[in-house]
Amino acid sequence: MVKVKQPTIEELSDLTGKILEHVSHTNEITRILDVITENSSSDILVVAAIASLRKIYDKFLTNSWMFEVSGESGEVLEYRVWMRETYDDVFSSVSTKITSSSGQIQESAYSTILAFLQAETVFIKLSRDRTSIFIEHVLTSKSSDFVQRLSQEISDLDWKYAALRGIERFSKKHASEKDANLAPLVYQLLGSIDISEFSSQGHEEKKRKTDASKTIFHICKAFNSTWIQFLKMPKSRELYHEILTNLHEQVIPHMQNPKLLIDFLVDSYDLGGTSALLALNSLFILITQYNLDYPSFYPKLYRMLTPDLLHTPYVPRFMAMLDMFLKSPLLPAYLVAAFAKRLAHHALQAPPPVIIIVLRLITNLMKLHPSVKRLVHRGPDHPAVRADPFQPDTDDPAECAALDSSLWELEVLAEHCCPAVPTVAKTLRKPTDEILVDLGLTRGHDVIFKEYMKMWKKDPPLEFNEPLTFDQSEYADVFTF
């Protein structure tokens, strides 16, 4: 087979001029395309060929004649079909260069394909299939810069719908792979697609007959399916936790059917540890707002409450959620008592800032659930004080006998070495109003220390007479100079 000689950069320029001059030379597009598909082409020649194709289709795409078929037949129709097929080949071939090892070729291919799609949006109609091809190559290139630039282009309805479908297709294709490096880029691009402006209109827009209304409905539907498909991709632990952290704010409010997240959230909750902690908020929203039936929610939440948890950086987040979860007046007394007792029991091993949060949370539980106050007011002669029936190693709140116990731990904490702890512990034994107290989630060791230092009325006593000399011989056995 005779190898066809590749055109030079000057010849590419001449070919481009001929094609733009008259449509009779459009068959020369294939010669320019061969430069891109030929593996032996130099980087400079490939970049020149891509630039030539961009110049050609900048003109062709501004006229919709290439995509019109109605009322045509014979050679004219055949020519237009050939032009569309050639454009598809050009689009596909240039798109593959986005994953090239040459940064110059990558940049040229990316900007050219983006220009093609922008022209389609303005002069014809954005192709979802071609957008999907573009998105696949952008994500496969693993270029965060390309993803960032692409996210800025996704603004109108057509772009958002086409991008969601492209991401969904890419996620489905790579869901069974073990490469976790693709998911961060998909998450970056997917997270940039904002549908908050019309997410609440999805079902209403379906009833209307306008094209925009139908597009809005389909975007909301695509948002659902794309997120569900993305969550099946392999992810690093860090990304997995980031998704769980933001799911209840960035995704659930905009989904038509948030119950589709049940499997993902329940699986995360069953993992325990940090994953379960981060899944709490989203799972609780599904239970309270979308009627999710999950009877084991509180028993598993009770099992999560361990001494180790009180030493993690997630304590403020967990305590804030626990305070919210236990506010319902419909909760049985034994369940609230179990949480109050376990909190007090583990607080004996917790750092002072966490102890204060725990004590304030128990204070709120007493105010919201008066039937649990008996745990505090049992005197020293009560059997539950002399022999505590509470079973700390039992993970079932219904079987731990917390309601028959007492919060004797408060007496221990009232003698804590950190002055701020006894102050809060003693307030639990006094009659209080029904106003809930702030948990003080932002109070750390530094805040407690500063507050303690303000309590000093005067400077501490120091040596009255400053020593004038230092006799080294007296300390020869201790210090070496």
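Helix α8 has 18 residues, and at 1.5 Å a residue these should span 26 Å; the C-alpha atoms at its ends are 26 Å apart, so the two values agree. The expected span is 1.5 Å times one less than the number of residues. Helices here are DSSP runs of H or I with at least four residues, strands are runs of E with at least two, and both are numbered from the N terminus. This is a predicted model, in which local features need pLDDT of at least 70 and side-chain atom pairs count only at pLDDT 80 or more, while totals for chains, interfaces and linings use all residues. Residues are numbered from 1 along each chain as its sequence is written, and side-chain values use heavy atoms, with hydrogens and water left out.

The buried residues of α8 include W159, Y161, A162, L164, I167 and F170. Buried means under 20% relative accessible area, exposed means over 50%, and partly exposed lies in between (1.4 Å probe, protein chains only). An α-helix has 3.6 residues a turn, so residues three or four places apart point the same way.

Helix α8, residues 157-174, also gives the most to the lining of the largest cavity, with three residues. A cavity is a set of points, on a 1 Å grid over the protein atoms alone, where a 1.4 Å probe fits but cannot get out; lining residues have an atom within 4 Å of a point. Grid points are joined across faces, edges and corners, and a volume is the space filled by probe spheres set on the points. The count comes to one cavity of 30 Å³ or more, and the largest cavity holds about 40 Å³ of space. Its lining is made up of K125, L126, R128, D158, Y161 and A162. Three of the lining residues are nonpolar, none is polar and three are charged. In this division Ala, Val, Leu, Ile, Met, Phe, Trp, Tyr, Cys and Pro are nonpolar, Asp, Glu, Lys and Arg are charged, and the others, Gly among them, are polar.

Next come the aromatic rings. The structure holds 20 aromatic pairs. One of them is the stacked pair of Y187 and F230, with 6.1 Å from centre to centre and 15° between the planes. Y187 lies in helix α9 (residues 183-191) and F230 in helix α11 (residues 211-230), 43 residues apart, and the pair links these distant parts of the chain. Rings of Phe, Tyr and Trp (its six-membered ring) pair if their centres lie within 6.5 Å; planes under 30 degrees apart are stacked, over 60 edge-to-face, and the rest tilted. Y187 is buried because its relative accessibility is 10%, and F230 is buried because its value is 0%.

The pair of F284 and F297 is tilted, because the ring centres are 5.9 Å apart and the planes stand at 35°. F284 belongs to helix α14 (residues 273-289) and F297 to helix α15 (residues 297-304). F284 and F297 are both buried, and one aromatic cluster contains Y269, F284, Y294, F297, Y298 and F325.

N291 is in the loop between α14 and α15. Its phi is positive, about 60°, although N291 is not a glycine. Most residues other than glycine have a negative phi. N291 counts as exposed because its relative accessibility is 65%.

Notes
1 Å grid on protein atoms, 1.4 Å probe; cavity = no way out; pocket = protein on both sides within 12 Å on 5 of 7 lines; lining within 4 Å.
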